[in-house]
Amino acid sequence: MATRRPLVAANWKMAGSLQLAQELIQKFSRISGGSPDVVLCPPSVYLDNIQRKLEAASQTLSGCSLHLGGQNLSHQEFGAYTGEISGGMLKEFGCKYVIIGHSERRRMYGETSDMVAEKFAMAQKMGLTPILCVGESLAARQANRTFEVLAGELDAVLDKVGIMAFDNAVLAYEPLWAIGTGKSATPEQAQEVHAYLRQRLSALSPYEGEKIRILYGGSVKPSNAADLFTQPDVDGGLVGGASLNASEFVTLCRIASQAE
Ligand SMILES: O=C[C@H](O)COP(=O)(O)O
């Protein structure tokens, strides 16, 4: 995995609980022998409470690199946008990362690639590290359009912010057909796409291409994580369902750490 430090992000989506946060913190407190970078992305209403829990446990968590992330942010800085949450607010409540362009946002909430690019720029302006999600549908894969779709989603952001902005970003490959289906991409399929994404960035800047962490997301679980995380261009995971089980998620983090 070159010299990139693995990262495992938990996307709770509209699930999870404060009880789950407490269980996770307790389990991470017992970890010894190194951990990957871990990012918890709970629903935003939980951020304040979880930030306090993390602060209270900071001494016992000293062996872990545990961070908070948002699941989404507004492309605007502030103002009359009912229901939206700004990057500044996420930052104020302890977030270091924010997920951008998740397929559920693109598909169910009409987020276009242009809007995703604006959100990416806004996240960085607010001091957050974007975790930019890209992924193809099953129809696109079956029509041999996987790379075309991924290039379109990636280039929309590159065109707005430029390659140097990827110095402070994480990329996540999430094939839509693998999300929440229990059917993960094979390690070979994931590696093929990750290598493609890295090459596309490397063509603009070899340094940024080599440096950026590319996560795989889509039905990651303890039984398939080792095979996925040991692929040369897979630098960890963006985990949905399995992040809602504290034991499974901590196991995934341990596997990522061993894959380094
Ligand atoms: O953000 C996470 C992904 O959508 C993957 O979700 P999943 O692990 O439940 O398939």
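**The binding site and a helix pair**

Mentor: Keep in mind that this is a predicted model. The UniProt annotation "binding site", from an unreviewed entry, covers Asn 11, Trp 12, Lys 13, Gly 180, Ser 219, Gly 240 and Gly 241.

Trainee: Why do they gather at one spot?
Mentor: They span 231 residues in sequence, but no two of their C-alpha atoms are more than 13.9 Å apart, so they come together in one place.

Trainee: Where does Asn 11 sit?
Mentor: Asn 11 is in strand β1, which covers residues 7-11.

Trainee: Switching topic: at what angle do helix α10 and helix α11 pack?
Mentor: About 20°, with their axes 9 Å apart; α10 is residues 222-229 and α11 is residues 246-258. Angles under 35 degrees count as roughly parallel, so α10 is roughly parallel to α11.

Trainee: Is the crossing of α10 and α11 left-handed or right-handed?
Mentor: Right-handed.

Trainee: Which residues meet there?
Mentor: From α10, Pro 222, Ala 225, Ala 226 and Phe 229. They meet Glu 248, Thr 251, Leu 252, Ile 255 and Ala 256 in α11. The residues of this contact of α10 with α11 divide into 7 nonpolar, 1 polar and 1 charged.

Terms used:
Residues numbered from 1 in each chain as written. Predicted model: local features only at pLDDT ≥ 70, side-chain atom pairs only at ≥ 80, totals over all residues. Axes fitted to C-alpha atoms, helices over the stretch in contact; angles between N-to-C directions. Helix = DSSP H or I, 4+ residues; strand = E, 2+ residues; numbered from the N terminus. Parallel < 35°, antiparallel > 145°, perpendicular 65-115°, else oblique. Left-handed = near helix turned anticlockwise from the far one by under 90°. Contact = placed C-beta atoms within 7 Å. Nonpolar A, V, L, I, M, F, W, Y, C, P; charged D, E, K, R; others polar. UniProt positions renumbered as here; feature names shortened; annotations may be inferred.
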